[in-house]
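Please find below my note on this model, written for a colleague who has the sequence and the coordinates at hand. I have kept to side-chain contacts, taken in turn.

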Amino acid sequence: MMGQERDIPEAEKTGKNRHFSDDEICKYHLCGVPVYEMFRNTKSDLGNYDKVYDDDCQAEFQALSQSERERYGYEYDTFRFLEHLCDKLDRTIQRHK
């Protein structure tokens, strides 16, 4: 009854369960940092984002051991993206000074 397909007509439901490694899942959210949501409606808005924030997938990912999570590389990618974002915002601040 509940879940991702709760508002879809019965004929269109797929019954597919998502896995955290699926392409449509937000990898930043899996790591606990939904970056695109954090900056929504601010001067630093990152724009539209088509990935899905799935709490069940996040719990599944967080339940893995640290070595298994490192194998996927999502935490490293999140770190690199945040580092790039901080550098970009620092340049903007310096330009405005």
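1. Basis of the note. The model is a predicted one, in which local features need a pLDDT of at least 70 and side-chain atom pairs count only at pLDDT 80 or more, while totals for chains, interfaces and linings use all residues. Residues are numbered from 1 along each chain as its sequence is written, and side-chain values use heavy atoms, with hydrogens and water left out.

2. Salt bridges around Arg 18. The structure holds five salt bridges, the term being used for a side-chain nitrogen of Lys or Arg within 4 Å of a carboxyl oxygen of Asp or Glu. One of them joins Arg 18 to Glu 24, with the closest N and O atoms 3.4 Å apart. Arg 18 is partly exposed, its relative accessible area being 27%, and Glu 24 is likewise partly exposed at 28% relative accessibility (buried means under 20% relative accessible area, exposed over 50%, and partly exposed in between, with a 1.4 Å probe and protein chains only).

3. The contact with Asp 54. Arg 18 also forms a salt bridge with Asp 54, where the closest N and O atoms are 3.8 Å apart. This pair links distant parts of the chain, since Asp 54 lies in the loop between helix 2 (35-38) and helix 3 (55-62) whereas Arg 18 lies in the segment before helix 1 (27-30), 36 residues apart; helices here are DSSP runs (H or I, at least four residues), numbered from the N terminus. Asp 54 counts as buried, at 6% relative accessibility.

4. Glu 83 and Arg 80 form a salt bridge whose closest N and O atoms are 3.0 Å apart. Because the two are three residues apart in helix 5 (residues 74-96), about one helical turn separates them. Both ends count as partly exposed, Glu 83 at 32% relative accessibility and Arg 80 at 43%. Elsewhere, salt bridges that share partners join Arg 18, Glu 24 and Asp 54 into one network.

5. Nonpolar cores. A nonpolar core is taken as a set of buried Ala, Val, Leu, Ile, Met, Phe, Trp, Tyr and Cys residues joined through side-chain atoms within 4.5 Å. The largest has eight residues, namely Phe 20, Ile 25, Leu 30, Cys 31, Val 52, Cys 57, Phe 61 and Tyr 74. Leaving aside residues up to four places away in sequence, Cys 57 touches Arg 18, His 19, Phe 20, Ile 25 and Leu 30, contact meaning heavy atoms within 4.5 Å. A second, separate core has seven residues, among them Tyr 28, Val 33, Val 35 and Tyr 36.

6. Aromatic pairs at Phe 81. There are eight aromatic pairs in the structure (rings of Phe, Tyr and Trp, the last by its six-membered ring, pair if their centres lie within 6.5 Å; planes under 30 degrees apart count as stacked, over 60 as edge-to-face and the rest as tilted). Tyr 28 and Phe 81 are stacked at 4.8 Å centre to centre, with 20° between the planes, and they link helix 1 to helix 5 across 53 residues. Tyr 28 counts as buried at 16% relative accessibility, as does Phe 81 at 18%.

7. The aromatic cluster. Tyr 28, Tyr 36, Tyr 49, Tyr 53 and Phe 81 form one aromatic cluster, in which Tyr 36 and Phe 81 are both buried.
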